[in-house]
Amino acid sequence: MRRITKAVAAAAAVAMLAAACGSGGGSGGSTSTDGATSAPVRGNEDLVIWTDDTKLQSVKDVADAFGAANGITVGVQAIVNTRADFITANQAGNGPDVLVGAHDWIGQLVANGAIDPVQLGTDTVAMYSGKSIEAVTYNNQIYGVPYSVEALALFCNKSVVGTTEFATLDDAIAAGQQAKDAGTVQSALNVPQGTAGDPYHMQPLYTSAGGYLFGKNSDGSLNPDDLGVGTQAGIDAAKKIATLGDAGSKVLSTSISNDNAISLFASGKAACLISGPWALGDVRNGLGNDGYSLQPIPGFAGMDPAQPFAGVNAFYVASNGKNKSYAQAFVTGTTTGGLSTVEAMTTLFDANNLPPAMTQVRDAVAPANPDVEIFATAADSAAPMPSIPAMDQVWTPLGVAYANIITGADPATEMTKAADTIKAAIAKS
């Protein structure tokens with residue numbers, strides 16, 4: 001989920017990529033004479049879908065099949081600031097019929113009245129993993145059709161630490177530290193943090209040490225009033241994290257960020273790495289297909305299991321789309337051309353190699369894609385990224401706290417400060 005740690009950069013990006021179109025074309029935002037790109041505007045096709053550029057071709061392939069099967073025109077557009085531009089365009093009545101995006105957008109989209117629940121039958125729901133359905137469920141309603149899941153896992157360099165799967169994170173760190181002490185590598189374990197901190201990559205360590213972000217209501221929904229950051233549980237978890245920073249073993253470092261964590265590991269300079277499926281290409285290029293091991297992240301010895309965030313990509317139906325009936329038929333369709341088919345989900349997997357949310361597709365691709373299956377297994381035991389709007393207020397203050405703790409600041413002071421900042425921001429939002 002690199003989109004989280006690169007949120008600032010994404011916000012500074014242009015409002016829209018050059019549009020790419022499906023059957024019958026698909027227009028993007030207009031460009032003014034000074035080169036600035038305007039807000040995106042939907043194309044004129046019967047069914048218009050907005051996604052990001054990395055998923056453009058695969059979504060187009062699936063959408064084109066639906067258009068051909070139903071005798072309609074379909075346009076797929078690549079949008080940079082997908083969520084923000086979608087909300088604005090939907091309110092103005094010139095947005096798409098379908099949006100492709102992460103499940104943790106749902107809270108904000110629902111709060112803005114931007115998406116409708118999707119009408120999935122019981123048999124269709126059963127086609128998807130329980131974790132993916134949990135992620136797209138909000139206020140006891142299903143708002144998206146999931147197509148991929150992802151979570152962080154533990155990579156290790158076989159030539160440095162051997163081929164044994166580690167029972168605990170302590171074991172992996174110890175093996176990496178031994179290699180570091182011998183001068184074989186520069187770091188025992190790369191956990192991207194940077195000078196601003198990174199709660200996404202820290203989450204498995206935080207949860208294994210007993211921390212939590214939000215408590216739950218009796219119905220299982222997250223409770224924004226129960227913030228775990230400044231509680232004793234959160235502080236104790238931060239104390240464990242501190243033992244891995246400058247005041248302790250120096251395993252964690254703010255010099256390791258999303259800009260260099262993967263490349264350092266792939267070039268053999270780090271023993272182990274915590275990262276997601278997006279790291280596979282670089283790791284394979286650097287260490288070879290058989291040069292690394294991969295497993296779900298184990299917890300600390302004698303502590304809780306590590307629970308990274310599970311991320312789910314999904315298709316949503318715009319509340320103000322011009323052709324909502326086509327949109328619902330596309331995302332819920334279980335016959336030729338529909339999204340909720342093995343054929344469509346296989347097309348999406350083949351293009352992006354993201355662990356499938358549809359269990360039949362996952363089972364079919366697992367034998368030839370063992371790493372994909374490991375990431376899917378990691379997602380099975382992960383916790384869906386909080387999709388409540390309050391989560392937006394967590395990232396920056398908690399990241400700052402982690403960075404300060406890693407560099408030697410008092411854990412209790414930093415977590416209490418972060419909690420106060422988060423609570424104040426939630427109250428204002």
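## Strand β14

In this predicted model, strand β14 spans residues 309-318. Ten of its ten residues are buried, so the strand is largely enclosed by the rest of the structure. The cut-off for buried is under 20% relative accessible area.

In a regular strand the side chains alternate between the two faces of the sheet. Strand β14 can be read that way. Phe309, Gly311, Asn313, Phe315 and Val317 point one way. Ala310, Val312, Ala314, Tyr316 and Ala318 point the other way. Both sets are buried.

## Partners of β14

Which strands run antiparallel to β14? Strand β3 (residues 98-102) does, joined to β14 by five bridges. Here leucine 99 has tyrosine 316 as its bridge partner. Strand β4 (residues 115-116) also runs antiparallel to β14, with two bridges. Isoleucine 115 of that pairing is partnered by alanine 318 in β14. β7 pairs with β14 in the antiparallel sense too, over five bridges. Valine 145 stands opposite phenylalanine 315 of β14.

Strand β15 (residues 383-384) runs parallel to β14. Two bridges join the pair. Alanine 310 has its bridge partner in β15, proline 384.

## The cavity

How many cavities of 30 Å³ or more does a search of the whole structure find? The search finds one. The volume of the largest cavity is about 30 Å³. Its lining consists of Tyr147, Ser148, Met345, Leu348, Phe349, Leu354 and Pro356.

Two elements, β7 (145-150) and α15 (342-352), each supply at least two lining residues. β7 is also a pairing partner of β14. The largest share of the lining, three residues, comes from α15.

## Salt bridges

Side chains of opposite charge can pair when their charged atoms come close. The structure holds ten salt bridges. Lysine 240 counts as partly exposed because its relative accessibility is 22%. Aspartate 170, at 27%, counts as partly exposed.

Lysine 417 and glutamate 414 form another salt bridge, with closest N and O atoms 3.7 Å apart. Both residues lie in helix α19 (residues 411-428). They are three residues apart, about one turn of the helix. Buried or partly exposed? Lysine 417 is partly exposed, at 46% relative accessible area. Glutamate 414 counts as buried because its relative accessibility is 9%.

Arginine 362 and glutamate 373 meet through their side chains in a salt bridge of 2.9 Å, N to O. Glutamate 373 belongs to helix α17 (residues 370-380) and arginine 362 to helix α16 (residues 359-365), so the bridge ties together parts that are eleven residues apart in sequence.

Arginine 362 is buried, with a relative accessible area of 12%. Glutamate 373 counts as partly exposed because its relative accessibility is 23%. A further residue joins in: Arg362, Glu373 and Asp380 are linked in a network of salt bridges.

Methods
Residues numbered from 1 in each chain as written. Predicted model: local features only at pLDDT ≥ 70, side-chain atom pairs only at ≥ 80, totals over all residues. Heavy atoms only, no water. Salt bridge = Lys/Arg side-chain N within 4 Å of Asp/Glu carboxyl O. Buried < 20%, exposed > 50% of the residue type's maximum accessible area, 1.4 Å probe, protein only. Helix = DSSP H or I, 4+ residues; strand = E, 2+ residues; numbered from the N terminus. 1 Å grid on protein atoms, 1.4 Å probe; cavity = no way out; pocket = protein on both sides within 12 Å on 5 of 7 lines; lining within 4 Å. Points joined across faces, edges and corners; volume = space filled by probe spheres on them. Pairing = 2+ DSSP bridges.
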